[in-house]
Amino acid sequence: MRTRIRMYAAAATVVAAATAGLPFPASAAPAQTAGDFNADGYADLAVGVPDGTVGGKARAGYVNIVFGGPKGIGAHGSIRISQATPEVPGTPETGDRFGASVALVDTSGDGVAELLVGAPGEDVTGRGTDAGSVSAVGGAKGGPGPGSVVLNGPSASAAFGLAVASADLTGDGSRDIVIGGKDKVVLRTADGIYTTVLTAPMGGRAPILAGGDFTEDGTADLAIGYWTDSPFTQSHVRLWAWDATEQAMVNTWNTDNAGVSALAAGDFDGDGHDDLALGECREIADENIDDPCGPEEFAKGGGIHVHYGTATPGSFGYRQQTLNQDTVGVMGVAESGDRFGAALAVADINNDGRDDLIAGAPGEAIGTRAGAGAATLLFGGPTGLVDAWDEGHSVGYQQDTPRVPGVAEAADAFGAAVATGDYDHDGRADVAVGSPGENAGSGGVWLLPRASVNGSSVFTPAKLGLPSPTSGLAYGRYLSSQ
């Protein structure tokens, strides 16, 4: 798998306490790999469970780290991390929502991933209710290492921790941390500088974060998506780059009136330059202005709009493509409410030197079963995700696909979250798909080794030995592996 500039980000919710499951297997460990939390050489998966109860505190939240191994994720045990974990700062409290965002990334450069986790409902002494907080928990063999607070929200209802991400944005070789709250995005650099990237109305939603080298300077840039209808309707996707002179992030590129549910960076045409995919892109504006998501017919059921990078600085995004489930070669049929592109993940699945895009469609109806959900693998090619004949090339997955475990049922929301990682360390990317509506809202995660249905499996809270109350955990709604 190629190494490129990427930002590791997720928005997730998490619940709960103590340790569960088995550690990694005792076999000899291969070399370190991205997203390896327990230092065994296999990528792991972080699952946010925001509505879990910890120590009797409803919605206190936890993160479930599911270990990779020779059989991938789900077969080698897991561990729960919450504010009841001794290494983690704070105390579980009702409504903390510890895990409302999570990212696994090696911020320290020691080859072992840290867990970045947000708790937007955290009450901070002297700052107020729901000020929010983001913590970093060290990875280590046999269990979590020491944890610390990255940043607390400045005031009541700031909800810091709605989103969290990490990349080397300053170009100093160390990873910086990006924190999203209500109406604000803040950067904490590796050397301890705090700077506000953006303050703007976001409708109370988590800002959507992604990153890649869009300015062609060899350093990661930050993409932010957000929208609101108060005090008036507005929506934006904006790019920000580090200015060493100002010691701050500066806005370099915008596309307005585009509302998105996901962002992902990848080199989909294999030209060596990062591209940006806008998932479930739709125009959100008071009036039709500029078709920011491409032709309007591609918005039906959810469209994916791609801005392509070039070798020429300042020309990012001029070449664009748009596709949906009515595009020839894309699995499925575009229907209102499909939410195609609501979740995105990137990997070079077929090792052809071009990144591929995995798109979730959690609202997809399977037969008469509304909201059963689906996921689609869209292959990159010489011209990107759409070829010279305006056709896509794809593979579709859902619970009624042969050799995929389970049965598609209404409201399963299969595809609500997607993630990639080399969970079995065979040199090929695997795909994880969340289905938070599975089992009456308890949820589950599907593993597709090498993005294939062959050998696919599913793990649920019950299978991992997690508490499985009759009330919905929505396990699988938030995933992060690297």
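This is a predicted model: local features need pLDDT of at least 70, side-chain atom pairs count only at pLDDT 80 or more; totals for chains, interfaces and linings use all residues.
Residues are numbered from 1 along each chain as its sequence is written, and side-chain values use heavy atoms, with hydrogens and water left out.

**View 1. An open sheet is formed by 4 strands in the order 5-6-7-8.** The pairing in this sheet is antiparallel, where two strands pair if DSSP finds at least two bridges between them. Helices (H or I, at least four residues) and strands (E, at least two) are DSSP runs, numbered from the N terminus. Strand 5 (101-105) and strand 8 (147-152) stand at the edges with a single partner strand each, so one side of each is left without a neighbour in the sheet. From one strand to the next the twist averages 20°, with axes taken as lines fitted to C-alpha atoms, for helices over the stretch in contact, and angles running from 0 to 180 degrees between N-to-C directions. Strand 7 (residues 133-137) runs antiparallel to strand 8 and is joined to it by 5 bridges. Strands of a sheet pair through backbone hydrogen bonds, either parallel or antiparallel.

**View 2. A disulfide joins Cys281 to Cys293.** The sulfur atoms are 2.0 Å apart, and a disulfide is defined here as a pair of cysteine sulfur atoms within 2.5 Å; by this rule the count comes to 1 disulfide. The link of Cys281 and Cys293 is left-handed, with -70° about the S-S bond. Cys281 belongs to strand 19 (residues 275-283), whereas Cys293 lies 12 residues apart from it, in the loop between strand 19 and strand 20 (303-307). Cys281 counts as buried because its relative accessibility is 2%, and Cys293 counts as buried at 6%; buried means under 20% relative accessible area, exposed over 50%, and partly exposed in between (1.4 Å probe, protein chains only).

**View 3. Asp269 and Arg319 form a salt bridge.** The closest N and O atoms of Asp269 and Arg319 are 2.7 Å apart, and a salt bridge is a side-chain nitrogen of Lys or Arg within 4 Å of a carboxyl oxygen of Asp or Glu. Asp269 lies in the loop between strand 18 (262-266) and strand 19, and Arg319 in the loop between strand 20 and strand 21 (320-323), so the pair ties together parts that are 50 residues apart in sequence. Asp269 is buried, with a relative accessible area of 9%, whereas Arg319 is partly exposed, with 34%. The structure holds 6 salt bridges.

**View 4. Arg339 and Glu280 meet in a salt bridge through their side chains.** The N to O distance is 3.0 Å. Arg339, in the loop between strand 21 and strand 22 (343-347), is 59 residues apart from Glu280, which is in strand 19. Arg339 counts as partly exposed at 37% relative accessibility, while Glu280 counts as buried at 12%.

**View 5. A cis peptide bond joins Ser230 and Pro231.** Omega is about 5° for this bond, and Pro231 is found in the loop between strand 14 (221-228) and strand 15 (234-243). Most residues other than glycine have a negative phi, and most peptide bonds are trans.
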